[in-house]
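Please read them with the structure open.

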Amino acid sequence: MRHRIAGRKFGRSAAHRQSMTRNQVTSLLRYGRITTTEAKAKELRRWVERVITSAKPDDLNARRKVALYVNDREVSNKLFSTYLERYKERPGGYTRVVKLPPRHSDAAPMAIIELVE
């Protein structure tokens, strides 16, 4: 039984999983929408929501918290300038996961994760 065990492992080591998560958070904030597998999209949703919520105070501590998950300074500035203005009054639910048909090569369930307007 998996009681009180949160998160997916994806068959990767902890460092690889952490690196993948940071890269996907950065890519989603850069492009606003990415295509990935359904499981990765659902897991990514947790982290992006946390990053945007922790950025809301817009102070030095918030910028340091965001820097833990956003690898690019340009994307970080975009988060604090455009996305915070967009989500200022929104209490949560900044992302949307839309399911796609399976991938042709291995029939993995695919999904689009995007930031809501």
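1. Basis. This is a predicted model, in which local features need pLDDT of at least 70 and side-chain atom pairs count only at pLDDT 80 or more, while totals for chains, interfaces and linings use all residues. Residues are numbered from 1 along each chain as its sequence is written, and side-chain values use heavy atoms, with hydrogens and water left out.

2. Helices (H or I, at least four residues) and strands (E, at least two) are DSSP runs, numbered from the N terminus. Axes here are lines fitted to C-alpha atoms, for helices over the stretch in contact, and angles run from 0 to 180 degrees between N-to-C directions. The class follows from the angle: under 35 degrees is roughly parallel, over 145 roughly antiparallel, 65 to 115 roughly perpendicular, and the rest oblique. Helix 2 crosses helix 3 in a left-handed sense, where left-handed means that the near helix is turned anticlockwise from the far one by less than a right angle, and right-handed that it is turned clockwise.

3. Residues between helix 2 and helix 3. Helix 2 contributes Val51, Ser54 and Ala55 to the contact, and helix 3 contributes Ala62, Lys65 and Val66. Contact means heavy atoms within 4.5 Å. By class, the residues of this contact of helix 2 with helix 3 are four nonpolar, one polar and one charged. For these classes, Ala, Val, Leu, Ile, Met, Phe, Trp, Tyr, Cys and Pro count as nonpolar, Asp, Glu, Lys and Arg as charged, and the others, Gly among them, as polar.

4. Helix 1 and helix 4. Helix 1 packs against helix 4 (residues 73-86) at an angle of about 50°, with the axes 9 Å apart. That angle makes helix 1 oblique to helix 4. Their crossing is left-handed. On the helix 1 side the contact has Thr26, Leu28, Leu29 and Arg30; on the helix 4 side it has Val75, Lys78, Leu79 and Tyr83. The contact of helix 1 with helix 4 divides into five nonpolar, one polar and two charged residues.

5. Helix 3 and helix 4. The axes of helix 3 and helix 4 cross at roughly 135° and come within 11 Å. Helix 3 and helix 4 are therefore oblique to each other, and their crossing is right-handed. Ala62, Arg63 and Val66 of helix 3 meet Ser76, Asn77, Leu79 and Phe80 of helix 4. The contact of helix 3 with helix 4 holds four nonpolar, two polar and one charged residues.

6. Tyr83. This residue of helix 4 is buried, with a relative accessible area of 4%. Buried means under 20% relative accessible area, exposed over 50%, and partly exposed in between (1.4 Å probe, protein chains only). Leaving aside residues up to four places away in sequence, Tyr83 touches Leu28, Leu29, Gly32, Lys78 and Leu115. Tyr83 and Gly32 are 51 residues apart in sequence, and their C-alpha atoms are 9.9 Å apart.

7. Aromatic rings. The structure holds three aromatic pairs. In one of them, the ring centres of Tyr87 and Tyr94 are 5.0 Å apart with planes at 50°, so the pair is tilted. Rings of Phe, Tyr and Trp (its six-membered ring) pair if their centres lie within 6.5 Å; planes under 30 degrees apart count as stacked, over 60 as edge-to-face, and the rest as tilted. Tyr87 and Tyr94 are both buried. Tyr83, Tyr87 and Tyr94 form one aromatic cluster.

8. Positive phi. Arg4 lies in the segment before helix 1 (14-31) and is exposed, with a relative accessible area of 88%. Ala107, also other than glycine, has a positive phi near 60°. Ala107 sits in the loop between strand 2 (95-100) and strand 3 (110-115) and counts as exposed at 51% relative accessibility.

9. Ala14. Ala14 lies in helix 1 and is exposed, with a relative accessible area of 53%. Ala14 and Gln24 are ten residues apart along the chain, and their C-alpha atoms are separated by 15 Å.
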